[in-house]
Amino acid sequence: MKRVITFGTFDVFHVGHINILERAANHGDYLIVGISSDELNFSKKNRYPIYSQEDRIKIISSMKFVDEVFVEESLELKLDYIKMYNANVLVMGDDWSGKFDWVKPACEVIYLPRTPSISTTEIIEVVKMTR
């Protein structure tokens, strides 16, 4: 059985999130998703997510091609998460291209192209401008 793991914040859920999760699921038989904790998101982007950690977990858990969801506390623990969930494949968006090649001894690493012209950050900025 091929177990795929991927990670993300998945804030202000949009079609790009659906696309990457669906394509990640197509690389195996079981999809595990690590949701960035609120604190991890703050450390990466210097802002807390719009949606709470609990809401983001509920949104991602409700998707039919997602089998398991957990909270990611640290980027440095990727290898630990891969081992903990017995993943054979790590899938990430190509904006992270090359950044997780160091886990290749433990599993296959695939970087998928992001959906063009959509990002959570852009959506948040547009909403701020229209207020």
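A polar contact is a pair of N or O atoms within 3.5 Å; within protein, one atom must be able to donate a hydrogen and the other to accept it, and residues adjacent in sequence count only if both atoms are side-chain atoms. The model is predicted, so local features need pLDDT of at least 70 and side-chain atom pairs pLDDT 80 or more, while totals for chains, interfaces and linings use all residues. Residues are numbered from 1 along each chain as its sequence is written, and side-chain values use heavy atoms, leaving out hydrogens and water.

**Exercise 1.** Determine whether E72 is buried or exposed, and find its polar partner.

*Solution.*
Step 1. E72 belongs to strand 3; strands (E, at least two residues) and helices (H or I, at least four) are DSSP runs numbered from the N terminus.
Step 2. Its relative accessibility is 1%, and buried means under 20% relative accessible area, exposed over 50%, partly exposed in between (1.4 Å probe, protein chains only). E72 therefore counts as buried.
Step 3. The side chains of E72 and K78 form a polar contact at 2.4 Å.

**Exercise 2.** Explain why the buried residues of helix 2 line one face.

*Solution.*
Step 1. In helix 2 (residues 38–45), D38, L40 and N41 are buried.
Step 2. Viewed down the helix 2 axis, these residues fall within an arc of 160°, so they line one face; the arc is that of the directions from the axis to the C-beta atoms.
Step 3. They pack against strand 2, helix 3 (53–61) and strand 3 (68–72), where contact means heavy atoms within 4.5 Å.
Step 4. Just after helix 2, N46 has a positive phi of about 60°.
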